[in-house]
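The sequence and structure come first.

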Amino acid sequence: MRYAICFTPPARDPLADAAARWLGRNVFSGEAEEHPGLKGLGVHEIAFHTALPRRFGFHATFKAPFRLSEGSTEPALLRELMHFAGRMEPVMLQGLTVGRIGDVYGLILERPCPSVDYLAASIVQAFDGFRAPLSEVEIERRNPERLSAPQFSNLSRWGHPYVMDEFRFHMTLTGPLLARDFPRIEQGLKAHFDPVLAEPVVVTNLALFVETERGAPFTVHSLHPLGRVSSRKIA
């Protein structure tokens, strides 16, 4: 069993619905969804390009997948996540849009968002005691020889290279693409997601994701609202 602490919109949110249809899987129920019919982009092509992110589901990672450390339990993790979420405030994601990171497309921020960077860093630190140390095999999966010095330091200290100053908020929507496919995929993504991105997207909860066994699809175990119920506000 592995856990991850992420952001994903609530189950009935329009963005969650759009993402479930694009990826072909609902991250809450685990059920398959029909891909959208888009001009110039067939459903079989969408299915092919979304195979990798489909397993992980629609999310932005804050605390990357981890096994529980010795002595830690799921109930203790849930209690701490509930208390932690209650101490943090919701965060408005200004300028969330379809964009490319290397050869992968997803939803990215057009400009820096210190509030979400702070939230991500706080989660990495607060829950590191629940994380079992990486095995040699897990370290090798990260291709440490390709990491920069700060990324390798993060991998050694926090179990993931892209945290703290290396963190960039993103919600992955494709696997690696060939450059020749960039224009069509981007056009299809914008046609599908731009209508729902016209409304503000707010991180209102933290989601605990679970992977029941290595290679199994990730699903949402539980959502934990940010801020006190009586006084929630946007940071």
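The model is predicted: local features need pLDDT of at least 70, side-chain atom pairs count only at pLDDT 80 or more, and totals for chains, interfaces and linings use all residues. Residues are numbered from 1 along each chain as its sequence is written, and side-chain values use heavy atoms, with hydrogens and water left out.

**Overall architecture**

- The protein contains 8 helices and 9 strands, where helices (H or I, at least four residues) and strands (E, at least two) are DSSP runs numbered from the N terminus.
- With a radius of gyration of 17 Å, close to the 18 Å that the globule rule gives for 235 residues, the protein is as compact as a globular protein of that length. The radius is taken over C-alpha atoms, and the rule is 2.2 Å times the number of residues to the power 0.38.
- Along the principal axes, the C-alpha atoms occupy a box of roughly 50 × 50 × 35 Å.
- Of the 235 residues, 48% are buried. Buried means under 20% relative accessible area, exposed over 50%, and partly exposed in between (1.4 Å probe, protein chains only).

**Salt bridges**

- The whole structure holds 11 salt bridges, each defined as a side-chain nitrogen of Lys or Arg within 4 Å of a carboxyl oxygen of Asp or Glu.
- Arg184 and Glu45 form one of these, at 2.5 Å from N to O. Since Arg184 belongs to helix α8 (residues 182-197) and Glu45 to helix α2, the pair ties together parts that are 139 residues apart in sequence.
- Both partners are partly exposed: Arg184 has a relative accessible area of 31%, and Glu45 has 24% relative accessibility.
- A salt bridge of 3.0 Å, N to O, joins the side chains of Arg67 and Glu138. This pair links distant parts of the chain, 71 residues apart, with Arg67 in the loop between β2 (60-66) and α4 (74-87) and Glu138 in helix α6.
- Arg67 is partly exposed at a relative accessible area of 32%, whereas Glu138 is buried at 11% relative accessibility.
- In the salt bridge between Arg87 and Glu80, the closest N and O atoms are 3.7 Å apart. Salt bridges with shared partners also join Lys63, Asp128, Arg131 and Arg157 into one network.
- Arg87 is exposed, with a relative accessible area of 53%, while Glu80 is partly exposed at 26% relative accessibility.

**Negative surface patch**

- Asp17, Glu31, Glu33 and Glu34 gather on the surface in a patch of negative charge. Patches are made of residues with over 30% relative accessible area and no salt bridge; like charges are joined within 9 Å, and nonpolar side chains (Val, Leu, Ile, Met, Phe, Trp, Tyr) within 5 Å.
- For charge, Lys and Arg count as positive and Asp and Glu as negative, with His and the chain ends not counted.
- Glu31 sits in the loop between α1 (14-23) and α2 (43-49). This residue is exposed, with a relative accessible area of 54%.

- Asn143 is not a glycine, yet has a positive phi of about 50°. Asn143 is placed in the loop between α6 (136-141) and α7 (149-158) and is partly exposed at 31% relative accessibility.
- Met164, also not a glycine, has a positive phi of about 55°. Met164 lies in the loop between α7 and β6 (170-172) and is partly exposed at 25% relative accessibility.

**Distances across the fold**

- Ala121 belongs to helix α5 (residues 114-126) and is buried at 16% relative accessibility. A separation of 26 Å lies between the C-alpha atoms of Ala121 and Gly175, which are 54 residues apart along the chain.
- Leu173 is found in the loop between β6 and α8 and is buried at 0% relative accessibility. From C-alpha to C-alpha, Leu173 and Met88 are 27 Å apart in space, and they are 85 residues apart in sequence.

Key:
Accessible areas come from the Shrake-Rupley method with a 1.4 Å probe; for residues, only the protein chains shown count as cover. The place of a charge is taken as NZ of Lys, CZ of Arg, CG of Asp or CD of Glu.
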